[in-house]
Amino acid sequence: MPKRTIIQTYNDGICQICEVTNIADPGEMPKDGLKEKVKLRYEERTVGMSRFWSAMQDHARIDMLIRTQRIRGVNNFDIVVLSDGEQYEIKQIQYPKDVEPPSMDLSLTRLETKYEVNGGDAG
């Protein structure tokens with residue numbers, strides 16, 4: 001039986017993938033903030049029970065799971081900002097097979113303290 005390819009849509013919104021960097025003006029004290037790497041459309045996915053409990057065993061939590069188009073340069077040190085201004089740390093990146101276009105699943109944990117984006121308000 002041939003494998004079925006899933007045609008993926010990303011209809012739930014747009015997110016920013018950002019890197020944490022020094023956003024202070026030259027000569028000022030260093031200050032961590034966010035610099036946008038890329039904007040991507042995404043689809044919100046269900047956080048399954050096995051993913052949820054696996055994270056809990058590692059003393060972590062997964063608040064959201066989104067699927068975006070696969071791009072190079074996204075890593076676990078990046079922050080995802082959704083259109084509602086909420087910011088999430090990327091805990092895990094997975095690359096599902098049999099999905100077109102090539103996609104990546106980002107397991108996210110909501111940040112309690114928000115970063116500034118490029119010196120401005122993040123939300």
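Guide: What follows begins with one arginine and then moves out to the strands, the cores and the chain as a whole.

This is a predicted model, in which local features need pLDDT of at least 70 and side-chain atom pairs count only at pLDDT 80 or more, while totals for chains, interfaces and linings use all residues. Residues are numbered from 1 along each chain as its sequence is written, and side-chain values use heavy atoms, with hydrogens and water left out.

The residue is Arg67, found in strand S4, residues 64-69. Strands here are DSSP runs of E with at least two residues, helices are runs of H or I with at least four, and both are numbered from the N terminus. Arg67 counts as buried because its relative accessibility is 5%; buried means under 20% relative accessible area, exposed means over 50%, and partly exposed lies in between, with a 1.4 Å probe and protein chains only. The side chain of Arg67 makes a polar contact with the side chain of Asp105, at 2.6 Å. A polar contact is a pair of N or O atoms within 3.5 Å; within protein, one must be able to donate a hydrogen and the other to accept it, and residues adjacent in sequence count only if both atoms are side-chain atoms. Leaving out residues up to four places away in sequence, the residues that Arg67 touches include Tyr10, Arg41, Glu43, Val99 and Asp105. Contact means heavy atoms within 4.5 Å.

Ile66 is one of the residues that touch the most other members of the largest nonpolar core, which has 15 residues; Cys15, Val80, Leu106 and Leu108 are the others. Such a core is a set of buried Ala, Val, Leu, Ile, Met, Phe, Trp, Tyr and Cys residues joined through side-chain atoms within 4.5 Å. S4 supplies at least two residues of this core, as does each of S2 (13-22), S3 (32-45), S5, S6 (87-94) and S8 (103-110). Apart from this core lies another, of 6 residues, among them Leu34, Ile79, Val81 and Val117. Cys15 is in contact with Ile66 and Val80, among others.

Next come the strand partners. S5 and S6 run antiparallel and are joined by 3 bridges; two strands pair if DSSP finds at least two bridges between them. Val80 stands opposite Tyr88 in S6. S6 also pairs with S8 in the antiparallel sense, over 6 bridges, and Gln92 has Ser107 in S8 as its bridge partner.

Two backbone details remain. Most residues other than glycine have a negative phi, and most peptide bonds are trans. Asp98, in the loop between S6 and S7, has a positive phi of about 60°. The peptide bond from Glu100 to Pro101 is cis, with omega near -5°, and Pro101 is found in the loop between S7 (99-100) and S8.

Finally, the whole chain holds 1 helix and 8 strands, in the order β-β-β-α-β-β-β-β-β from the N terminus. Of its 123 residues, 35% count as buried. The mean pLDDT, the predictor's confidence in each residue from 0 to 100, is 87, and 85% of residues reach 70 or more.
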